[in-house]
Amino acid sequence: MKKMRQAAAASLDAQVKAGALAYRRERHLEGLVRGAEALPGENEAEHTRRIIGRLRNALRAERARARAGHWTYDLNRHIALKAALTAECERLSSHSAEKQSAGAKAGA
């Protein structure tokens, strides 16, 4: 039973990683969360943080439906939300790394 759980977890992790690599914000985000468009005057990092918050809330709701055994729970949506969240977190961290790199160059 333990090996089966480990295999299932490894398979799910692989699906999430593959989904994160294939994720395109302009194509996939609209179907996952509403109101994800950029607000006027909002910079890229703020926009990405807001999207991450919305994705976390949607993922929390999907997990609640799963635990409750609700008929609207969708495993594919759950995986897509996790993949999008992973991709957006990576986008934010790369944006932060670029900003730090630019700051270091300007200070040198």
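Q: What should I know before I start?
A: Residues are numbered from 1 along each chain as its sequence is written, and side-chain values use heavy atoms, with hydrogens and water left out. Since the model is predicted, local features need pLDDT of at least 70 and side-chain atom pairs count only at pLDDT 80 or more, while totals for chains, interfaces and linings use all residues.

Q: Is Glu-88 buried or exposed?
A: Buried means under 20% relative accessible area, exposed over 50%, and partly exposed in between (1.4 Å probe, protein chains only). Glu-88 comes out at 0%, so it counts as buried.

Q: Which residues does Glu-88 touch?
A: A contact means heavy atoms within 4.5 Å. Leaving out residues up to four places away in sequence, Glu-88 touches Tyr-23, Arg-25, Thr-48, Ile-51, Ile-52 and Leu-55.

Q: Where does Glu-88 lie?
A: Helices are DSSP runs (H or I, at least four residues), numbered from the N terminus. Glu-88 sits in helix H4, residues 75-107.

Q: Which residues of helix H2 are buried?
A: In H2 (residues 25-32), they're Arg-25, Leu-29 and Leu-32. They cover an arc of only 65° around the axis, so they're on the same side of H2; the arc is taken from the directions from the helix axis to the C-beta atoms. The face turned away from that buried side carries the exposed Glu-26, Arg-27, Glu-30 and Gly-31.

Q: What caps the N-terminal end of H3?
A: That's Asn-43: one of its side-chain oxygens lies 3.1 Å from the backbone nitrogen of Ala-45.

Q: What comes just after H3?
A: Gly-69, with a positive phi of about 70°.

Conventions: Helix = DSSP H or I, 4+ residues; strand = E, 2+ residues; numbered from the N terminus. Polar contact = N/O pair within 3.5 Å; in protein donor to acceptor, adjacent residues only side chain to side chain.
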